[in-house]
Amino acid sequence: MAKLQLTDVHHVYPNGHRGLRDINLSVEPGEFITLVGPSGSGKTTLLRTIAGFLQPSHGMVDIGGTRVADDKSWVGPERRDLGMVFQEHAVWPHLTVFQNVAYPLQRKRVAKTAMTRQVADVLEEVGLSEHAQQKPAALSGGQRQRVALARAIVSKPQALLLDEALSALDEPLRARLRQQLRRLTQDEGLTTVHVTHDRTEALALADRVVVLNGGRIVQDAPPAEILANPANSFVAAFMSDAAVLQGSWAAGRFYPDNRNLHIADDAVVSHPEEQTSAVRCRTTVAPEDIRLETFRGNGPADRTVGTVTSVLAGRFGTEISVDWDGGTFAVYAPVGALVPKTSDRVVIHIDRMHVFEDSALTTHGAYA
Ligand code: ADP
Ligand code: MG
């Protein structure tokens with residue numbers, strides 16, 4: 001296990017596409033981080049930069065205190081001593097499970113008895129001992145992915161890099177492998193960087209979640225912090241399904257641009273600093289910070305009333321979508337709470353919202 005450090009890393013692809021900007025990231029020995037963000041946000045580019053398949057256009061990469069990339073030096077991927085697993089299990093079809101997993105040790109010229117023992121140990125750990133002599137074609141997708149994982153960790157790499165390694169698997173297998181991955185990396189004390197576009201997975205697995213957007217790190221924090229204090233409206237919307245409202249902030253109050261929405265005075269508003277003059281801002285409202293009540297009136301709706309557009313029951317509660325004057329608001333009703341039906345009219349109470357200054361945001365939520 002080793003520390004990973006990226007300092008001021010930028011990456012521009014040969015066609016001029018910007019892959020990464022201003023990346024400063026360190027991963028402590030034994031730490032498990034997830035990289036999460038929408039498609040095209042730079043997750044794979046960042047992982048491949050650590051792995052050594054991409055050379056940064058600018059900046060430095062250190063692995064275990066050794067400089068592996070900067071303006072002058074370059075250490076190739078085969079000499080970085082990293083384990084890697086990708087979405088599509090790249091296991092060799094003509095080799096048995098045992099031979100697949102033994103391959104990195106053979107390359108390192110590990111003696112036969114030690115090799116046999118190490119392979120047997122890791123196969124035991126991923127639950128594939130009985131399949132050692134089978135070819136990958138005889139295995140399920142989940143088993144093949146465990147072969148790839150075993151091969152990635154058998155030679156005790158400096159760090160484990162996973163790019164959407166679980167994304168192709170179906171539930172409940174995926175959930176099981178997720179738990180196994182976490183336990184395995186903990187037992188081995190492996191430094192791990194796990195790329196996923198699945199925010200639930202990112203939050204569930206990580207010591208720290210690194211959120212990417214437009215090639216930049218927009219937040220780097222423990223899961224609970226990401227949820228409680230999103231760094232900006234993009235993080236709140238992407239990680240928590242928060243609704244985003246444009247408006248202005250003045251004298252401790254939020255005024256939505258849409259005057260058809262009425263937000264009660266008692267909504268708790270978090271704002272980083274007091275403003276003396278009015279500023280443009282965005283507020284985000286997380287699904288758990290909205291309460292719904294049945295609308296009892298029979299006349300025209302007032303400015304607190306929306307219409308339920310969908311109700312999805314889940315194991316941990318119900319996800320409700322409400323249309324409020326053309327905007328969609330996600331609301332979570334916990335198990336046991338009264339749940340409205342589709343088309344019901346409901347009174348919307350916002351308990352809490354976050355205010356973010358608007359200036360740096362483009363309309364895509366990316367940072368200019
Ligand atoms: P993610 O893994 O988060 O989906 P990527 O790291 O693959 O995102 O891509 C980040 C950005 O770099 C995107 O804008 C993408 O179009 C661009 N990109 C990725 N690979 C290449 C490439 N080989 N050539 C040019 N641009 C690329
Ligand atoms: Mg990718």
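A polar contact is a pair of N or O atoms within 3.5 Å; within protein, one atom must be able to donate a hydrogen and the other to accept it, and residues adjacent in sequence count only if both atoms are side-chain atoms. This is a predicted model, in which local features need pLDDT of at least 70 and side-chain atom pairs count only at pLDDT 80 or more, while totals for chains, interfaces and linings use all residues. Residues are numbered from 1 along each chain as its sequence is written, chains are lettered from A and ligands numbered from 1 in the order in which they are written, and side-chain values use heavy atoms, with hydrogens and water left out.

Start at ligand 1. A backbone N or O atom of G42 lies 3.1 Å from an oxygen atom of the ligand. T45 also reaches a ligand oxygen, with a polar side-chain atom at 2.5 Å. Taken alone, ligand 1 exposes 560 Å², and the protein buries 65% of that (accessible areas by the Shrake-Rupley method with a 1.4 Å probe; for residues, only the protein chains shown count as cover).

The shell around ligand 1 takes in Y13, N15, H17, P38, S39, G40, S41, G42, K43, T44 and T45; a residue belongs if one of its heavy atoms lies within 4 Å. By class, the shell holds 2 nonpolar, 8 polar and 1 charged residue. Here Ala, Val, Leu, Ile, Met, Phe, Trp, Tyr, Cys and Pro count as nonpolar, Asp, Glu, Lys and Arg as charged, and the others, Gly among them, as polar.

Next comes α1. Helices (H or I, at least four residues) and strands (E, at least two) are DSSP runs, numbered from the N terminus. In α1, 7 of the 9 residues are buried, so the helix is largely enclosed by the rest of the structure. The buried residues are K43, T45, L46, L47, T49, I50 and A51. Buried means under 20% relative accessible area, exposed over 50%, and partly exposed in between (1.4 Å probe, protein chains only). G52 follows α1 with a positive phi, near 100 degrees.

A search of the whole structure finds 2 cavities of 30 Å³ or more. On a 1 Å grid over the protein atoms alone, a cavity is a set of points where a 1.4 Å probe fits but cannot get out; lining residues have an atom within 4 Å of a point. Grid points are joined across faces, edges and corners, and a volume is the space filled by probe spheres set on the points.

The largest cavity holds about 50 Å³. V85, Q145, L149, L162, A165, L166, L177 and L181 line it. Two elements give two or more residues to this lining: α4 (141–153) and α5 (173–188). The lining has 7 nonpolar residues, 1 polar and no charged.

The second largest cavity holds about 40 Å³. Its lining consists of T44, L47, R48, A51, F53, M84, F86 and D163. Helix α1 gives the largest share, 4 residues. This lining divides into 5 nonpolar, 1 polar and 2 charged.

Finish with two loops. D198 sits between β8 (192–196) and α6 (199–205). At 16% relative accessibility, D198 is buried. A polar atom of the D198 side chain lies 3.1 Å from the backbone nitrogen of E201. K108 lies between α2 (97–107) and α3 (112–125). K108 is partly exposed, at 44%.

Definitions and conventions. 1 Å grid on protein atoms, 1.4 Å probe; cavity = no way out; pocket = protein on both sides within 12 Å on 5 of 7 lines; lining within 4 Å.
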